[in-house]
There are 2 protein chains.
Amino acid sequence: MLFPAMNSKRIVWSHRCSHTDTENSMQFSPKFDATGLIPALAMDYRTQEPLMLAYMNEESLRMTLETGEAVYYSRSRREIWRKGATSGHIQKIHKILVDCDQDALILLVDQMGAGACHTGHRSCFYRVVPFGDSLIDGSPVVLESADDGFTFDAEKVYGKK
Amino acid sequence: MLFPAMNSKRIVWSHRCSHTDTENSMQFSPKFDATGLIPALAMDYRTQEPLMLAYMNEESLRMTLETGEAVYYSRSRREIWRKGATSGHIQKIHKILVDCDQDALILLVDQMGAGACHTGHRSCFYRVVPFGDSLIDGSPVVLESADDGFTFDAEKVYGKK
């Protein structure tokens with residue numbers, strides 16, 4: 001009997017060994033957390049602008065590697081989430097990086113369309129968190145804008161929420 | 001009786017309301033996961049090079065905002081982790097970004113010393129994950145180098161593992 005992965009002609013990766021092996025090895029052995037997910041930060045491959053942080057399960061990571069387009073796992077909808085399936089805002093992968101303990105990924109992507117964020121901003125990271133002594137006055141921290149506003153009409157692209 | 005946060009002169013933030021409020025509001029209301037953590041990706045503020053992905057609990061996020069230096073929570077050691085406490089490789093915060101649903105942070109930092117990674121690499125993201133059809137041959141995915149190797153001697157800086 002063939003192993004399922006060989007049978008179905010799918011990408012396979014290694015099982016995890018020791019911590020040091022994972023750091024030094026050139027074998028890909030991604031670590032999924034207790035809920036079966038690994039975080040992936042998408043960045044614009046030209047400007048290095050951070051676009052969004054989402055999660056992948058084994059299946060969506062495999063689909064990402066196989067298709068060259070970002071596929072995540074939606075924690076709220078509990079399903080595989082092909083980025084851009086609704087909006088057309090596909091993320092074409094240029095490079096994928098993995099960190100020392102192989103429990104985080106960076107996707108350097110070509111962001112199709114007007115933006116990555118479902119709110120209508122180009123990047124999900126559209127607000128700045130201020131910091132420093134001046135905040136210690138007992139009033140809640142107020143965010144600041146990090147961009148010039150919306151790049152597309154989210155309601156038109158995604159429909160009513 | 002004063003609230004503890006006011007009493008101790010510490011930074012405070014808002015409680016979370018609805019999902020839409022969290023996206024549109026300028027009130028900072030970070031979302032911690034079921035284990036009390038929020039992911040934070042540190043990037044070089046000059047080059048936008050991704051350096052490391054780590055986690056913060058409420059206390060370490062508050063310490064980060066108060067001190068202007070990255071403080072994380074070590075999941076393996078289960079303790080507050082002042083980045084650079086052992087190595088001197090402190091991360092001075094230049095800017096903090098928060099995403100739409102306020103459950104992920106980007107730290108734009110000035111990385112002190114030779115690197116962010118405990119392995120001796122400047123960045124934890126020192127390996128590339130290849131992708132594409134050519135990988136579908138049944139053999140495990142092999143990583144590629146993403147940098148020019150070590151920038152410091154991890155054993156000297158961190159001591160024996």
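**Note on the two-chain model**

1. Along the sequence, chain A runs α-α-β-β-α-β-β-β-β-β-β-α. That gives four helices and eight strands. Helices (H or I, at least four residues) and strands (E, at least two) are DSSP runs, numbered from the N terminus.

2. This is a predicted model: local features need pLDDT of at least 70, side-chain atom pairs count only at pLDDT 80 or more, and totals for chains, interfaces and linings use all residues. Residues are numbered from 1 along each chain as its sequence is written, chains are lettered from A in the order in which they are written, and side-chain values use heavy atoms, without hydrogens or water.

3. The C-alpha atoms of chain A fill a box of roughly 60 × 40 × 30 Å along the principal axes. Of its 161 residues, 51% count as buried (under 20% relative accessible area, 1.4 Å probe, protein chains only).

4. In chain A, 47% of the contacts with a separation of 6 or more join residues 24 or more positions apart. Contact means heavy atoms within 4.5 Å.

5. Chain A carries 18 positive and 21 negative charges, and their mean positions are 8 Å apart. Lys and Arg count as positive, Asp and Glu as negative; His and the chain ends are not counted.

6. How does chain B superpose on chain A? A rotation of 180° with 0.0 Å of shift along its axis does it, at RMSD 0.0 Å. That is the relation of a two-fold axis. In chain B, the C-alpha nearest the axis belongs to B:Q48, 2.9 Å from it. Both copies use the same surface: 100% of the contact residues of chain B recur in chain A. The superposition is by least squares on C-alpha atoms of residues with pLDDT of at least 70 in both copies.

Notes:
Buried < 20%, exposed > 50% of the residue type's maximum accessible area, 1.4 Å probe, protein only. Charge placed at Lys NZ, Arg CZ, Asp CG, Glu CD.
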